[in-house]
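Here is a short briefing to keep beside the viewer as you look around. Please have the sequence and the 3D view open together.

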Amino acid sequence: MRYLSTRGGDAVSAAQAIVMGISPSGGLFVPESFPKLDPASLSGNYRDDAFRVMSLYLTETEPEKLKDIIDRAYDRFDTKAVAPVVGLTETESVLELWHGPTMAFKDVALQILPYLMKESLVQTGEDQTVYILVATSGDTGKAALEGFRDVEGTRVLVFYPYGGVSRMQRLQMVTQEGANMDVCAVRGNFDDAQTGVKQIFASEEMKRELGEAGYRLSSANSINFGRLLPQIVYYFTSYHALVENGRISEGDPVNFCVPTGNFGDILAGYYAVRMGLPVRKLICASNRNNVLTDFFRRGIYNANRPFYKSMSCSIDILVSSNLERLLYEIIERDTETVTEWMRALKEEGTYSIPEAQRAALSDLFEADWCSEEDTLQTIRRVFGSRGYLMDPHTAVAQTVYERYVERTGDETQTILLSTANPYKFASDVLSIFETPGEDDFENAERLRQITGKGIPANLRELCRKPELHTDVCNLDEMPERVRFGVSK
Ligand SMILES: *Cc1c(COP(=O)(O)O)cnc(C)c1O
């Protein structure tokens, strides 16, 4: 399998796409074709099924090697199922993606990416240290740090928005141990940090300078194809689980509802559809930062709007990077048009797609958004009626799904992607029961007393760890911070 760039240029191997992260033309790497996979051929064992899906895209990696990578990655999950499916109502099931070491869905991919990166470095004969720059809205940072910790031949620097992540998320990052790890807060929001990182990737001067020092830049954000690939897997396995538990018959379509920020998770669902998974609707759920809702409804992407900080902070995003991969497919891989839209987005903050394409998209995609108040009410209501405790991101998706059903009467079996453990946002979740105090750990303990749900061990340990990474920089200081990172 070869990989193309959404903005044109030469095709590359999977290994090259993973090592580079972003294409030389500034575009994103996409598979040259979508291999077909019949969900009926899956085994129900997550690791075996992950191998089935991923091997179709990593044709140059030896099967035994890939099996070993998958085994090692998912050994760190707290359940053999990796991504268990839990029935919530007669028509709805929850796909829990937060059983990895950092308690958010990013682990599903970021436990694998470091091994894929290592293997790709061997395949491409790279002799420089890979310097991974990460911009995080809260969860990618920790998951990347945990995944790449002490991985030979790599260094990681994470930028997170100062004051823009939950306290637990911040603590998870700033207490990170490991010789190749570095974390810095940025005075700006996630979009600013992501733009800063993209500018560093695009800078020839930076590339040359770091190259001379023995470093090559790469990305662990979902712009890296190695991040997307492991996410395709759970669309297939959760579908298979519904067949196994008798909710659907083989071949029946299902809906997926996904809390979305950078459009990475839901794009993996779109790729699954292209591979042949029977899907009626992919429901794209946003919080108040509802730029994607407007895009799907009107065909206009407009990032010129206020940026709101919300409880579901991991989806506080106005520039959804992975949408570029979807645009590329719907415009029939016309790289010039994609390049023009992305130029307009960068320079004017907006672009629009033709009505024919917008209409075609609405056959598959639904989109809606959820306010802060509704997020809390949904957590309260679902816990009250079903005894199931949701984090704010999952609750955003749940709200959007319930409204979709009210509007359409659609009774198709639906899989809700649950992307974080509720204790990662313990203070906000506690606020549905009582006024939370100042201390996150006491709030988590209160939440445990009230709900009876166990606190994950990794979170409990956080309060005892020293803060190791307390740097803060301004946006224009990011390049300097990257240089400093290699001299440390
Ligand atoms: C990252 C994240 C999302 C959104 O994923 P995208 O790939 O950015 O769409 C949703 N929920 C949580 C908890 C996350 O960490």
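The points below cover strands, helices, salt bridges and surface charge in turn.

Please keep in mind that this is a predicted model. By the distance rule used here, the count comes to 37 salt bridges, and a few of them are picked out below.

- Strand β5 (residues 92-96) is largely enclosed by the rest of the structure, because five of its five residues are buried.
- Glu 92, Val 94 and Glu 96 point one way from β5, while Ser 93 and Leu 95 point the other way.
- Strand β4 (residues 85-87) pairs with β5 in the antiparallel sense over three bridges, and the two form a hairpin with four residues between them.
- Within that pairing, Val 86 has Val 94 of β5 as its bridge partner.
- β5 also runs parallel to strand β15 (residues 414-418), joined by five bridges; here Glu 92 stands opposite Thr 414 in β15.

**A three-stranded open sheet**
- Three strands in the order β2-β1-β3 make an open sheet with antiparallel pairing.
- Its edge strands are β2 (12-13) and β3, each of which pairs on one side only.
- Strand β1 (residues 2-5) and β3 are joined by three bridges, and Leu 4 stands opposite Val 30 in β3.

**Helix α11**
- With nine of its 11 residues buried, helix α11 (residues 264-274) is largely enclosed by the rest of the structure.
- Among the buried residues of α11 are Ile 266, Leu 267, Tyr 270 and Tyr 271.
- Gly 276, which follows α11, has a positive phi, near 115°.

**Salt bridges to look at**
- Lys 67 forms a salt bridge with Glu 64, with the closest N and O atoms 3.9 Å apart.
- Both Lys 67 and Glu 64 lie in helix α3 (residues 63-74), three residues apart, about one turn of the helix.
- In general, an α-helix has 3.6 residues a turn, so residues three or four places apart point the same way.
- Lys 67 counts as partly exposed at 36% relative accessibility, whereas Glu 64 is exposed at 54%.
- Glu 329 pairs with Arg 274 in a salt bridge, the closest N and O atoms being 3.6 Å apart.
- That pair links distant parts of the chain, with Glu 329 in helix α13 (residues 323-330) and Arg 274 in helix α11, 55 residues apart.
- Glu 329 is buried, with a relative accessible area of 9%, while Arg 274 is partly exposed at 31%.
- Arg 297 and Asp 368 meet through their side chains in a salt bridge (3.2 Å, N to O).
- This pair also links distant parts of the chain: Arg 297 is in helix α12 (residues 291-298) and Asp 368 in strand β14 (residues 365-369), 71 residues apart.
- Arg 297 is partly exposed at 44% relative accessibility, but Asp 368 is buried at 7%.
- Salt bridges that share partners join Arg 297 and Asp 368 into one network with Lys 281, Glu 366, Asp 374, Arg 403 and Arg 407.

**Charge on the surface**
- Asp 38, Glu 244, Glu 250 and Asp 252 gather in a surface patch of negative charge.
- Asp 38 sits in the loop between β3 (29-31) and α2 (46-57) and is partly exposed, with a relative accessible area of 46%.

Note on methods. Residues numbered from 1 in each chain as written. Predicted model: local features only at pLDDT ≥ 70, side-chain atom pairs only at ≥ 80, totals over all residues. Heavy atoms only, no water. Patch = residues over 30% accessible without salt bridge, like charges linked within 9 Å, V, L, I, M, F, W, Y side chains within 5 Å. Areas by Shrake-Rupley, 256 points an atom, 1.4 Å probe, with all protein chains shown as cover. Salt bridge = Lys/Arg side-chain N within 4 Å of Asp/Glu carboxyl O. Lys, Arg positive; Asp, Glu negative; His and termini not counted. Charge placed at Lys NZ, Arg CZ, Asp CG, Glu CD. Buried < 20%, exposed > 50% of the residue type's maximum accessible area, 1.4 Å probe, protein only. Pairing = 2+ DSSP bridges.
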